[in-house]
Amino acid sequence: MKRKYQYYFYILMLLHINKVTSQEDYSMRWYTSDNNELPQSSVKSIVRDKYNFIWLTTENGVVRYDGNTFLAYNSSTTKLNGSRFADVSGSIKKDSLYCYNEGRKELVLINDRKLQIFKKNTPFHDIVKNGKFYFLHSGLPTIKTINTDSPFYINLSNDQKYFIDNKEIQLCDSKMKSIYKRSYKNKSVFNFFTLNDTLYYLYKNGKYDCISEKIRSKKIDLTLLNGKHELYWNMTANQVFLYSKDKIYLLRSKNNHLIPILIAKLKDFKNYNIASILYDSESKKLYMGSNTNGLCIITFSSFSTVKKKSSKAEVNYSNLAFNSNSIITPNGLILTSKEVIDSIPFKSSNYFIEKISMTKDSNGGIWKVYDGNLHHYLKKTGYKKCIKYGFNQEIKTLFNDLSNNIWISLQEDTKRKAKLFVIKNKFDKKPNLILNSIPNINYIAQKENSILLLGTQKGLFKYSSATNKLYFVKKTKSLNIRSIYIDRDKKVWITTYEKGFFLYLNNVIYSFPKDKNKYLNSSHCIIEDKKGFFWITTNKGLFQVYKKSLLLHIKDKTTKIYYYNYSKSDGFLTNEFNGGCQPCGNYLENNQITFPSMNGNVFFDPNNIKPLIFSKGPFIDKAIIDQKVTDIKDTIVLNNNFQRVKILIDYAYYGNLNNLDIQAKLFGINNSNWEEIGSNKSISFTTLPPGTYTLMIRSMPGFNSTYKYKKVTLIVLAEFYQTFTFKLFLVIIIITLILYLWQMRLLYLKIRNKKLKKIIIHKTQKLAKTIVKLKITKKNLKQEILQEKRLIQIISHDIKSPLRYLTLTISHIQDKIEKLNNEILIEQIKSVHISTLQLYEYVENLIKYSIIFIEAKKFQEENYSLQQLVETKIQLFKKIAISTNTIIINNTSPNEKSKINNKILSIIIHNLIDNAVKNTKYGQIEFKAINKKNKLFLTIKDTGIGMDEELINYYLNLSKKPSLQNHHLGLHMIIELLNILKGDIKITSEINEGTTIEIIIENN
């Protein structure tokens, strides 16, 4: 049953083949006065000048066409009195074209792309020879009202002339001397024409005579002409056309043989009322001027687009090369560059995923996707039978490697990761899972036998089938790869979504500059032709680039890359090509390249594609200075007060304007960059400072990536105060003034020096007296210091020693009295002992305190134990503390050391403990010394009576505002010593809860 349906499907496909067509190989457009493109719709003559501009004559002026705009010269825009023109004569090579208006009242000369008007003494070009009046022949069809047997003459490019009537022909030189003369009877002078200065006469039956001193008769193929033809002779352009049976032929001359070349098939040609024809072989355009319908431009294409139905858009994706000159689609259609020639009844649907990948094995078998399964159509069965491989996941990419293995990538979905399978080359086993949990694979390629290149949504991977290892290519993580192309030199090129195309070479990824419109950001596919050009498809047309220039850019980043963009104007039905499929294009054995597009499959032979290279221009000969048009050559002189200068850049180009690379840069100003010259063909500058500037215009003439340069000098004149002479004069005046002021300053300084000397002598004498007084004061200070030292020694010897003796004596008495068990006496003796001991310590501290201010040393050379120092001081107050039921605890670690002046630290610790003992009863005192982060922290915490906020603020501000009130003098002493040590104090206290004092001293 299935075979029966397949058979019917096959029959239906064959019935539809005849409806499948390719688009016309040309496009046609009319330009008329109705659309305000031409000043008038009667185009009498068409010629292209030396600089590539097209010139038209109409009944309302002469028109210049540059490929994009029409510029009319008539009585409205020039000084012409009459605007009706007909033929254009002259020499293109000599850059001298001319035409007359009606009545030959004015002569228009076209030279150097410009138009000149002559109103007086215009030469008369008809000639009277031997009493016979000869008309000037200017081509066919002629607008002159002359009979078929009227005499006329033909100008040749070497200034020789043919004089012709219906009986004889005479060739004369430029001085009108006869070269030869011969009889030649003819029925119509309108059958004569010249081609390459050779005279021909064409008969209705296709026979023609090549006329010189001898007549050689030959014949054009009768099957082409069929006895009916019309002759169109563009004498100035040296072109002759034949129209016959809806076809236009261009006659070419080779060894005096006329060769007709088919240009176009036009069914409605007779309705166009054509008066003149010009063919431009460079741009592949045919220009036809009509007496009534304006100008028709026919553009011929070397691209062909093949589709099933001409009226409906047909989206195409992957196609396979089927044989040397055809491809096959996923639907089974077999296409050549002209039409669909056959079909294979593949199972197919309209699902996108089933159209994006196909492959062919070495046996000719075709592998494609249908209904979620992989189908292998066998060539030996005429592709009627297929083997089905089932997968529970959508198939995304198919690839046949060098060993004839079939690789299948499965697309990630919400439940399953992307996978890679392989079917070995004998195709007798089930698919083998190779990779699991990999990003979606968009494209697979093979450079070496055991290495696969996997282009994924998250970069490029290399898979080794020999080691079964997967390697990630660095710096490609951000690349969503569309395709991989391996060129003839085994270099790897990749295209991406939104990032352009890249070269992967020697484990390095190289990027390239994009085209000026950034169309290449979304590059689909790359194919290299035999001439070394890359053809790259995008969403905005097809690009051609020279591979050598890309490789040069890798070595030298300054190398310019020229991209040539082909678009709908070159013959596509759409600018949008398709990518994201495999294969994304094919290079057929007949040298044709084919790419899928959003409307048909595009075929072309790269050898037949001739890019329209910008070769003539740009030209710079006009400028608009403050709204006034001025002719220029290579220099523009601008007044100082000019407001705006607009430099006009002129050129003719008949292709896609995206392919023009014309830039300008003004040298002589800061931060000047190359700027693109747009469609307005101009560049403007405003209010430049006086000086000389150089405007460089550069254009890229093709794939050699080398610019051509033209230079224009801009001179901005200076006002008198901006000239060099004025500036020099001003400098001289300033220097003179400076010298004068310098002299006056010197005079002033001399006078002032005399006064200063007197003042210095007086001050010196006064200073000498002061020094004497200072010496006396210094002596007195030394004496006072010496007396203080003696006082300290006296106190130390005369007071300290007896106090120490008294303390020891009371200590012995206390020991003996304790044996008497008289508690009252014991307590009294203890009090005396404690008071004496305290008095001794106070004297000791007083001595240390005095010595500290004399020595003023913060550190000492040797370390000492902080724990021992604190413990020593605690022992002094231990008995006093016990008498008030207070405990003193030393929390200082034995490991804590310090080099801070022992005397200063001893007094600080002494006073801290003293104050705490005095203010604490029935409580506890904790003392801790610790080194932390190059600082010494001394912390004492008691449970005494505390301090109010006013007293705390008093002590904290004491270092800033020294004063002496009736508060704790111990803290006064501590703060003064902290000033020596550059330390800090923090006090926190609550009434009847206790006080915590923290001393912080820099320990380095």
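Biologist: What makes V731, I735, L739, W742, L746, Y748 and L749 a nonpolar surface patch?

Modeller: In this predicted model, where local features need pLDDT of at least 70 and side-chain atom pairs count only at pLDDT 80 or more, these residues make a nonpolar surface patch of about 630 Å². A patch is made of residues with over 30% relative accessible area (Shrake-Rupley method, 1.4 Å probe) and no salt bridge, nonpolar side chains being joined within 5 Å. L739 has its place in helix α4 (residues 724–818), helices being DSSP runs of H or I with at least four residues and strands runs of E with at least two.

Biologist: Why is the pair of K181 and E168 called a salt bridge?

Modeller: The closest N and O atoms of K181 and E168 are 3.5 Å apart, and the term asks for a side-chain nitrogen of Lys or Arg within 4 Å of a carboxyl oxygen of Asp or Glu, so the pair qualifies. K181 lies in strand β16 (residues 178–183) and E168 in strand β15 (residues 168–172), so the pair ties together parts 13 residues apart in sequence. The structure holds 27 salt bridges. Side-chain values use heavy atoms, with hydrogens and water left out.

Biologist: At what angle do α6 and α7 pack, and how far apart are their axes?

Modeller: Helix α6 (residues 866–883) and helix α7 (residues 902–918) pack at about 35 degrees with axes 10 Å apart, where axes are lines fitted to C-alpha atoms over the stretch in contact and angles run from 0 to 180 degrees between N-to-C directions. Their contact (heavy atoms within 4.5 Å) includes L866 and F877 of α6 and L905 and I909 of α7.

Terms used
Residues numbered from 1 in each chain as written. Patch = residues over 30% accessible without salt bridge, like charges linked within 9 Å, V, L, I, M, F, W, Y side chains within 5 Å.
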